[in-house]
Amino acid sequence: MEQRVIIAGPTASGKSSLSILLAEKTGSEIISVDSRQCYKKLDIGTAKPAEEELNRVPHHNISVLDLTDQDSVAAFRERAESYVKEIENHGKQVIFCGGSTLHLQSLIQPLDDIPSSDPQNIKQLRKKADREGLETLYQDLEKVDPEYAKKMDGLNRQRILRALDVWIQSGKPFSSFHSEGNIEKPSHYSVFALHHPRKILHRRISDRTDAMFEAGLIEETKKLLNEGYNPSLQALQTVGYKQVIQYLNSEISKSQLIEKTKTATRRYAKRQITWLRRWPFLKWIDMDEKTEKEAIRYIQHQVAADRQKG
């Protein structure tokens, strides 16, 4: 079996750029492990690879879903298996690139037996959210699953509904279905994560956020709303779009919009790093000490070593 490579790391760490260079050098294809880049029309705010980059290397799981589609880790895993089969049947290597932690984990560890979504439960929960406010549902979640509620950054409608749906069906907290034991890496996977010192990562996040607004993130969001997309859609509950919607609703000022987006992104990056540090087999690459060429040589060396061990 061909060795598969995972390039992970926090947002704004340079995963996409490095993965494209690695793919060009090795003749590989890239599968995006990003819970938002899979949606069409979310381009600027998800830092989707530019058209020129997509033309340089074949990419998968980018712009494959409509904004109204509901996605899940299980659905991603199913798509990923299909992409892997297609790529490896062509004799090429797979590079997974992204930072969505549960999606990454699904690649190397079987998914827990979480009940499938119950449409009737979700329908009733949505009605309650519309009638009494999402905060009421969040308070319900705090009562039945305080651990999951505590981990949530802000009021994520989709996650709140899903967690309460699981509770209604099983009587068990959603958090209890998440494996906390040791995760073992399959031998045919080589897993890396990019690292930057905290101050440098924060500067990169700040610079990229500024670049997104200069590129037209406000206009992109406004266009989606003008097309009739509901701001409560799962796809729009994303850092950047979420804050822009608040700005367009006159809830925050322009300066608050930019600062809130940067703050939320830094918090997200911190959660990603904390999660990834649980993986003892992951090889961190300090991008403050290595050039991209040096990082690629290091990855190739480690992949060759892992292949021999396997």
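Okay, let's start with a helix pair: the axes of H4, residues 101-108, and H12, residues 254-276, come within 10 Å and cross at roughly 25 degrees. Bear in mind that this is a predicted model. Angles under 35 degrees count as roughly parallel, so H4 and H12 are roughly parallel to each other. Their crossing is right-handed.

Who touches whom? On the H4 side we have Thr101, Leu102, Leu104 and Gln105, and they meet Gln272, Trp275 and Leu276 of H12. By class, that contact splits into four nonpolar residues, three polar and no charged.

Now, the core. The largest nonpolar core has 23 residues, and the ones touching the most other members are Ile6, Phe96, Leu107, Ile108 and Trp279. The top contributor is H3, which puts in five residues.

Have a click on Ile6. Skipping neighbours within four places in sequence, Ile6 is in contact with Phe96, Leu104, Leu107 and Ile108, and also with Tyr189, Ser190, Val191 and Phe192.

Last stop, another helix pair. H10, residues 217-226, packs against H11, residues 241-248, at about 75 degrees, with the axes 10 Å apart. That makes H10 roughly perpendicular to H11. H10 brings Leu217, Ile218, Glu220, Thr221, Lys222 and Leu225 to the contact, while H11 brings Tyr241, Val244, Ile245, Tyr247 and Leu248. The class count here is eight nonpolar, one polar and two charged residues.

Note on methods:
Residues numbered from 1 in each chain as written. Predicted model: local features only at pLDDT ≥ 70, side-chain atom pairs only at ≥ 80, totals over all residues. Heavy atoms only, no water. Axes fitted to C-alpha atoms, helices over the stretch in contact; angles between N-to-C directions. Helix = DSSP H or I, 4+ residues; strand = E, 2+ residues; numbered from the N terminus. Parallel < 35°, antiparallel > 145°, perpendicular 65-115°, else oblique. Left-handed = near helix turned anticlockwise from the far one by under 90°. Contact = heavy atoms within 4.5 Å. Nonpolar A, V, L, I, M, F, W, Y, C, P; charged D, E, K, R; others polar. Core = buried A, V, L, I, M, F, W, Y, C linked by side-chain atoms within 4.5 Å. Buried < 20%, exposed > 50% of the residue type's maximum accessible area, 1.4 Å probe, protein only.
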